[in-house]
Amino acid sequence: MTPNPVVYKLIAPELKFVELLEKKLNDKYDFNENECARLLQVAVIPEYQNSGIAKMLAEKAINDITSSEYKYIIADCTAENSYQILLNFSFETISEILYKDFEYEGIRTFGELIGKRRLVIKRLF
């Protein structure tokens with residue numbers, strides 16, 4: 001399948017952000033992507049937020065992954081709440097970047113966002 005250049009151009013800043021976050025992962029750990037599960041972004045609609053749903057989803061995912069053969073779980077935390085939830089499950093911070101500091105091709109693509117984006121990891125072995 002040939003990549004769509006229009007789509008790639010739209011997601012290029014996001015890909016670069018993730019690349020920067022994950023740079024320290026390879027520097028700090030003997031990291032093999034095949035030994036790693038990734039928790040992907042999850043959102044809870046506003047009327048159900050602060051009711052423990054995100055924590056229950058994280059716990060279920062972590063338990064399922066723990067019973068597999070993976071050695072690590074990583075997650076890209078785009079909000080403070082998800083970051084705090086994963087810290088409570090013994091994840092450690094690998095890297096963090098302030099949204100206002102990230103630039104892609106001279107543009108502060110996420111400059112209007114408040115806070116930090118973080119990469120966290122949990123070792124399972």
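In what order do the elements of the protein run from the N terminus on?

1. From the N terminus on, the order is α-β-α-β-α-β-β, and the protein has three helices and four strands in it, where helices (H or I, at least four residues) and strands (E, at least two) are DSSP runs numbered from the N terminus. This is a predicted model, in which local features need pLDDT of at least 70 and side-chain atom pairs count only at pLDDT 80 or more, while totals for chains, interfaces and linings use all residues. Residues are numbered from 1 along each chain as its sequence is written, and side-chain values use heavy atoms, with hydrogens and water left out.

2. As for overall dimensions, the C-alpha atoms of the protein fill a box of roughly 40 × 40 × 30 Å along the principal axes. The protein exposes about 8,800 Å², of which carbon and sulfur atoms supply 54%; accessible areas come from the Shrake-Rupley method with a 1.4 Å probe, and for residues only the protein chains shown count as cover. Of its 125 residues, 30% count as buried, where buried means under 20% relative accessible area, exposed over 50%, and partly exposed in between (1.4 Å probe, protein chains only). Among the contacts in the protein with a separation of 6 or more, 76% are between residues 24 or more positions apart, a contact being heavy atoms within 4.5 Å.

3. Helix α2 covers residues 53-66, and at 1.5 Å a residue its 14 residues should span 20 Å, which agrees with the 20 Å between its end C-alpha atoms; the expected span is 1.5 Å times one less than the number of residues. The buried residues of α2 are Ala58, Ile62 and Ile65. Seen down the axis of α2, these buried residues fall within an arc of 65°, so they line one face of the helix, the arc being that of the directions from the helix axis to the C-beta atoms. The buried residues pack against β1 (36-39), β2 (72-77), α3 (80-87) and β4 (116-123), whereas Met56 and Lys60, on the other side of α2, are exposed.

4. Serine 95 lies in strand β3 (residues 92-98) and counts as buried, at 5% relative accessibility. A polar atom of the serine 95 side chain lies 2.6 Å from the backbone oxygen of leucine 21. Leaving aside residues up to four places away in sequence, serine 95 touches Leu21, Lys24, Arg117, Arg118 and Leu119.

5. How many disulfides are there? With a disulfide taken as a pair of cysteine sulfur atoms within 2.5 Å, the count comes to zero. Cysteine 36 is in no disulfide, and the nearest cysteine sulfur, that of cysteine 77, is 13 Å away. Cysteine 77 is likewise in no disulfide, its nearest cysteine sulfur being that of cysteine 36. Cysteine 36 counts as buried at 8% relative accessibility, and cysteine 77 is buried with a relative accessible area of 2%.

6. Asparagine 50 has a positive phi of about 65° although it is not a glycine; asparagine 50 sits in the loop between β1 and α2 and is exposed, with a relative accessible area of 81%. Serine 90, also not a glycine, has a positive phi of about 70°; serine 90 is found in the loop between α3 and β3 and counts as exposed at 55% relative accessibility.

How values were computed: Polar contact = N/O pair within 3.5 Å; in protein donor to acceptor, adjacent residues only side chain to side chain.
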